[in-house]
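Here are my notes on this model, written as I went through it. Have the viewer open while you read.

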Amino acid sequence: MAASPTSSAASAAGSCDTIKFNTYYYESNPAPGAPRQVSTVALPGYVTGQAAYRLGNVTNIIGDDEPAYNGGFTDEKGVDFSISYATDLPDGSKLSVRSLTTMVTKQMVQTDKGGVVQDVKGAIGGQR
């Protein structure tokens, strides 16, 4: 079922509840090709907060009060290998080479507390 314009607007408004906006007022309909004017006081045709943000080219967000939530976990085990070699060259300079790699032996992820625990070993960059 497609969202109605009213429910979409309500959803967008709800998603802005924890956002802090600056206190500036932005011109809602500037002349074509003219830059959008900004004011520190309310003027006719100027908007602030969520309405200003919805104009599209206004960057008036100064913070978000939504607390971070991480209900899941990750559990990894593995071994890091490092090898390096250095030598002096005949012209007095030095050549050095280093290689570092990791062997992952276990990588489990749970994205939500109480959710499914997934074995993701090898999902990025290698064989399982």
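1. Let me start with D75: its relative accessibility is 25%, and it counts as partly exposed. For the terms here, buried is under 20% relative accessible area, exposed is over 50%, and partly exposed is what falls in between (1.4 Å probe, protein chains only). Which residue does D75 form a salt bridge with? The partner is K106, and the closest N and O atoms are 2.9 Å apart. K106 is itself partly exposed, at 29% relative accessible area.

2. Before going further, the ground rules. This is a predicted model, in which local features need pLDDT of at least 70 and side-chain atom pairs count only at pLDDT 80 or more, whereas totals for chains, interfaces and linings use all residues. Residues are numbered from 1 along each chain as its sequence is written, and side-chain values use heavy atoms, with hydrogens and water left out.

3. Back to that pair. How many salt bridges does a search of the whole structure find? The count is one, where a salt bridge is a side-chain nitrogen of Lys or Arg within 4 Å of a carboxyl oxygen of Asp or Glu. K106 lies in strand β7 (residues 94–110) and D75 in strand β6 (residues 73–88), so the pair ties together parts that are 31 residues apart in sequence.

4. Now the strands themselves. β6 and β7 pair antiparallel over 16 bridges, and two strands are taken as paired if DSSP finds at least two bridges between them. Within this pairing, F81 has T101 in β7 as its bridge partner. The two strands make a hairpin with five residues between them, and G92 in the turn has a positive phi of about 95°.

5. Two bridges join β7 to β8 in the antiparallel sense: V109 faces Q118 in β8, and M108 faces D119 in β8.

6. If you colour by hydrophobicity, look at Y85, L89, L95 and V97, which make a nonpolar surface patch of about 370 Å². Patches are built from residues with over 30% relative accessible area and no salt bridge, joining like charges within 9 Å and nonpolar side chains (Val, Leu, Ile, Met, Phe, Trp, Tyr) within 5 Å. Y85 sits in strand β6 and is exposed, at 52% relative accessible area.

7. There is another open sheet of three strands, ordered β3-β2-β4 and also paired antiparallel. Strand β2 (residues 25–27) runs antiparallel to β3, joined by two bridges, and Y26 stands opposite V38 in β3.

8. Which residues does D64 contact once neighbours within four places in sequence are set aside? They are T18 and I19, with contact meaning heavy atoms within 4.5 Å. The C-alpha atoms of D64 and T18 are 5.6 Å apart, although 46 residues separate the two along the chain.

9. On the whole chain: the protein has two helices and eight strands, in the order α-β-β-β-β-α-β-β-β-β from the N terminus. Helices (H or I, at least four residues) and strands (E, at least two) are DSSP runs, numbered from the N terminus. Of the 128 residues, 12% count as buried. The accessible surface is about 9900 Å², 55% of it from carbon and sulfur atoms.

10. Finally, confidence. Mean pLDDT, the predictor's confidence in each residue from 0 to 100, is 83 for the protein, with 82% of residues at 70 or more. Residues 1–12 have pLDDT below 50, and this stretch has three contacts in the model beyond near neighbours in sequence. Where pLDDT is low, predicted coordinates should not be read in detail.

Technical notes:
Accessible areas come from the Shrake-Rupley method with a 1.4 Å probe; for residues, only the protein chains shown count as cover.
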